[in-house]
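I opened this model to see how its parts are laid out and what holds side chains together. My entries follow in the order of looking.

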Amino acid sequence: SSWDELNRKVAQRDSKIDTALLNSGKFRDALKGMIDWLVDTEEMVAQQKPPSSEYQILKAQLQEQKFLNRMLSDRSPSVTSLEDMGGELLSELEESPEKAQIKVQMDDLDRRWKSLCGNADKRKQELEDTIGIAKEFHDQLQPIIEWLDKTEKKIRTMGSVSTDPTQMEV
């Protein structure tokens with residue numbers, strides 16, 4: 001009968017609404033955690049110093065950058081999962097202010113994630129490009145520094161020379 005059909009459709013709709021509300025809560029919790037992590041990571045990246053000209057410091061900066069890139073790579077499946085969850089939630093919800101808000105949040109997450117990953121990749125490439133030049137400079141400078149140190153020690157052992165013209169020998 002048509003009443004049974006109507007009751008079945010209402011029950012299905014109620015079930016979809018309950019599922020959407022449950023997913024919405026899970027999504028909001030997951031999104032909040034991801035946004036908090038993104039904020040912390042963006043602040044950390046913003047505080048990075050520019051590439052150093054000193055080889056040893058540059059080497060340490062590159063290692064830190066590789067760690068950051070690994071951290072982003074490890075986080076990528078979580079972002080993808082969150083995007084999938086948001087997409088499913090959006091498909092289940094009817095047009096509403098909540099759906100529009102979730103869409104804005106998803107777009108913001110996508111934009112920030114891509115920006116963070118892009119900036120991290122760019123910085124890693126800059127560091128890798130710079131480290132070769134810095135190593136070459138370091139390798140050429142090191143013998144000069146060693147020679148200067150030896151010469152300075154030798155001069156110190158020679159003693160002082162008087163600059164008084166009456167004490168100088170011709």
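I began with helix H3, residues 97-158; helices here are DSSP runs of H or I with at least four residues, and are numbered from the N terminus. H3 has 62 residues and spans 85 Å from first C-alpha to last, close to the expected 92 Å. The expected span is 1.5 Å times one less than the number of residues. I found a kink of about 25° at Leu141, shortly before Pro143; the bend at a residue is the angle between axes fitted to the seven residues ending there and the seven starting there.

I note the ground rules: this is a predicted model, in which local features need pLDDT of at least 70 and side-chain atom pairs pLDDT 80 or more, while totals for chains, interfaces and linings use all residues. Residues are numbered from 1 along each chain as its sequence is written, and side-chain values use heavy atoms, without hydrogens and water.

Next I looked at H2. The helix has 38 residues and reaches 55 Å between its end C-alphas, close to the 56 Å expected. H2 bends by about 35° at Arg75, and Pro77 follows within four residues.

Then I looked up Asn69, which lies in H2 (residues 55-92). Is Asn69 buried or exposed? Asn69 is buried at 14% relative accessible area (buried is under 20%, exposed over 50%, partly exposed in between, with a 1.4 Å probe and protein chains only). Beyond its neighbours within four places in sequence, Asn69 contacts Ala120, Asp121 and Lys124 (contact means heavy atoms within 4.5 Å).

I turned to the nonpolar cores, which are sets of buried Ala, Val, Leu, Ile, Met, Phe, Trp, Tyr and Cys residues joined through side-chain atoms within 4.5 Å. The largest has 20 residues, and Phe27, Trp37, Leu72, Ile102 and Trp113 have the most contacts inside it. Helices H1 (2-46), H2 and H3 each give two or more residues to this core. The largest share, seven residues, comes from H3. A second, separate core of six residues includes Tyr55, Leu58, Leu62 and Ile131.

Last came salt bridges, defined as a side-chain nitrogen of Lys or Arg within 4 Å of a carboxyl oxygen of Asp or Glu. I count 10 by this rule. One joins Lys32 and Asp36 at 2.9 Å, N to O. Lys32 and Asp36 are about one helical turn apart because they sit four residues apart in H1. Lys32 is exposed at 52%, whereas Asp36 is partly exposed at 36%. Another salt bridge joins Arg111 and Asp108 at 2.5 Å, N to O.
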